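Hi,

Here is the structure I promised to pass on.

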There are 2 protein chains.
Amino acid sequence: METISETACCRGRVGFYRHASEVLRLDAKFAVFLPEAALGGRRVPVIHVLAGLTGTEKTFFTKANALRYAAKHGVALVATDTSPRGAGVEGEDGSYDLGTGAGFYLDATHSSWSAHYRMGSYVASELPAFTEAAFPLDGTRRGIMGHSMGGHGALVHALRNPSSWRSVSAFAPIAHPVVVPWGEKSFAAYLGPDRESWKSWDATELLRSGHSHPATILVDQGLDDEFLERELRPQDFETAAAEAGQPLRLRRHAGYAHGYWFIQSFVEDHLAHHAAILKA
Amino acid sequence: METISETACCRGRVGFYRHASEVLRLDAKFAVFLPEAALGGRRVPVIHVLAGLTGTEKTFFTKANALRYAAKHGVALVATDTSPRGAGVEGEDGSYDLGTGAGFYLDATHSSWSAHYRMGSYVASELPAFTEAAFPLDGTRRGIMGHSMGGHGALVHALRNPSSWRSVSAFAPIAHPVVVPWGEKSFAAYLGPDRESWKSWDATELLRSGHSHPATILVDQGLDDEFLERELRPQDFETAAAEAGQPLRLRRHAGYAHGYWFIQSFVEDHLAHHAAILKA
C-alpha cells in the first residue's frame with residue numbers, strides 16, 4: 001500500500017492511498033477518514049461510501065461534508081473509486097455513464113469488461129478486508145452509503161450481504177437500474193443481453209426476489225432532481241419494499257436537486273442513522 | 001445578470017450567476033448562498049468569501065463545508081472568482097500563481113495587467129453593491145473571510161475599508177506578501193517594480209502604517225501547512241498586530257495542512273465569529 005497523502009481533519013486524519021487490487025488486477029485508490037479515537041489504535045465502526053457517475057475516491061469526502069459527523073460519532077469512513085482505472089477496454093473512456101467512472105459496483109461477466117470491471121467483489125470483499133487489516137476498523141460494525149450510482153451500490157451490497165453491512169443509506173439512488181437508461185446501458189455492457197442476469201445487481205429486483213435487510217434503510221431524494229423520473233425511480237424501490245416488508249424510510253425533499261448541495265443538507269442525518277445502528 | 005443555476009441547500013438556496021462587470025470590463029461569475037430567512041425577502045447579514053490560488057467562485061462553497069453554518073446563523077455568503085477570466089494578457093495562463101486564478105484581490109496598475117486585473121475594486125465596491133441590489137443582503141452588516149491568497153484578500157480589504165467590512169477572518173493567509181515569493185511575483189507584475197507601492201495591498205504593511213480594524217481578527221493556521229514559512233508568515237502579521245494594538249486571535253493547529261481538510265475542521269468557528277459581530 002502506498003500512502004499518497006495524510007493530513008489532520010476534524011481532530012482525526014484523512015488519508016489517500018493506492019494499492020494493487022487482486023480482483024481488479026489493477027492499482028486502485030481509496031480514501032480513509034479515521035476519527036480521533038482510532039488514531040490511538042482503537043477499532044472503530046466504519047461506513048463505506050460510494051460516489052456517483054464520474055466520481056472518484058475523493059468526491060464524497062470533498063463534497064458531502066460528512067467528515068465532521070463521522071468525527072462526532074467516532075466512526076471511520078472508507079471511500080472507494082467508482083471504477084477500475086486504465087483497464088484498456090475499448091470505449092471505456094467514450095462516455096461518462098459507462099466504463100471509467102461508471103463501474104456500477106458490480107462484477108462484469110460480459111466480453112472484455114469482465115477482466116477488470118469487478119467493483120462488485122472489490123466493494124464486497126477486497127476493500128473491507130484490506131482496509132480492516134491496514135487500519136483500526138471494526139469489521140463487525142460496518143455500514144455502507146452512497147449517492148446516485150453509489151446510492152444504488154449501497155442498496156445492492158446491503159441486500160446481497162446483509163450480514164456484512166449492518167447499516168445502509170442512500171442519496172438519490174438509481175433505485176431500479178434494469179428499467180432505466182443508465183442501468184440498461186451499463187448492465188447490457190457489463191452483464192450481456194440476458195436481462196434475467198441483471199436482476200442480481202438491481203436493488204428493487206433483489207427485494208422482489210426475497211432479499212431483505214434487517215435494519216431500516218434510509219433514502220433521501222430531492223424532488224427537483226433532474227434525473228428523478230428518467231433514471232432514479234425511488235417509487236419502484238418503495239413499492240417493492242412495502243410488498244416485501246422491508247423497513248424503509250424514504251424522505252422526499254421539495255426544492256432539492258441531484259448533487260452535493262442536496263447531500264450536504266442531509267448528510268448529518270445519515271451519519272446519525274449509521275452510528276445509531278453501528279454503535280448500538 | 002444571468003442565473004447559471006439555483007438549487008436548495010440547507011433549507012436556503014445556493015445560486016451561481018454571471019454578470020457584466022464594469023470594473024473588470026469582462027463577464028464575471030459569482031455565487032450566493034441565501035439562508036432560509038432571506039428567501040422571504042428579509043435582508044440578512046452577508047459574508048464575502050475569497051478563495052485561494054487556482055480557485056473559482058465555486059471552490060469555497062463546495063469544499064469549505066460553510067453553508068450549513070451560514071444557514072444556522074441566518075447569514076448569507078457571497079463568493080467571488082479569484083481573477084478576471086479571459087483578459088487576454090500575455091502569460092496570464094502560464095502559471096498557477098499569476099494571472100488567471102491568481103488576481104490577489106488588488107487593482108493592477110502596471111503594464112497590460114491594469115486593463116482588467118482590478119479585483120481590488122471589484123471586491124471592495126462592485127460586487128457588494130451589485131449583490132446587495134439583486135439579493136436581500138444587508139450591506140450594513142457585511143463581513144469578509146478567505147483562504148490563502150483569499151485569506152490575505154480578506155485581511156487587506158478589512159484593513160483598507162474597516163467601515164465596509166465589520167467582521168474579518170482568514171484561513172492560512174499569505175500574511176505578508178511583499179516579502180514572499182508568491183507576493184513578489186504577483187505584485188511585481190500587477191503593481192510594477194516600485195516596492196513602496198506594494199504596501200497598500202499588504203496586510204502586515206497596512207498594520208505597520210497605521211491601519212487597523214475595530215473587531216478582533218480571527219486567523220487559523222495549520223502547523224503542517226506546506227507553505228507556512230516560505231509563503232504565509234503569520235508571525236509577521238502577529239507581530240505587526242501586537243505593535244499596532246490590533247486585536248488578533250491567531251490560532252495555530254498541530255497536524256493541519258494548507259487545504260480544505262483544514263478549513264472544514266474549523267469553519268464552524270469562523271461563521272460563529274462573523275455572526276457574533278454582524279448580528280450584535
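**The sheet in chain B**

B:Ile47 has B:Leu77 in β5(B) as its bridge partner. That pair belongs to a predicted model, where local features need pLDDT of at least 70, side-chain atom pairs count only at pLDDT 80 or more, and totals for chains, interfaces and linings use all residues. Residues are numbered from 1 along each chain as its sequence is written, chains are lettered from A and ligands numbered from 1 in the order in which they are written, and side-chain values use heavy atoms, leaving out hydrogens and water.

Strands β4 (residues 44-50) and β5 (residues 76-80) of chain B run parallel and are joined by four bridges. (Strands are DSSP runs of E, at least two residues, and helices are runs of H or I, at least four, numbered from the N terminus; two strands pair if DSSP finds at least two bridges between them.) The open sheet has nine strands with mixed pairing, in the order β1-β2-β3-β5-β4-β6-β7-β8-β9 (chain B). β1 (2-9) and β9 (248-253) of chain B each have a single partner strand, so one side of each lacks a neighbour in the sheet.

**Where the chains meet**

Chain A and chain B bury about 1900 Å² between them, 52% of it on carbon and sulfur atoms. On the side of chain A that touches chain B, α11(A) gives the most, with five residues.

Cheers

Note on methods:
Buried area = accessible area lost by both parts, 1.4 Å probe.
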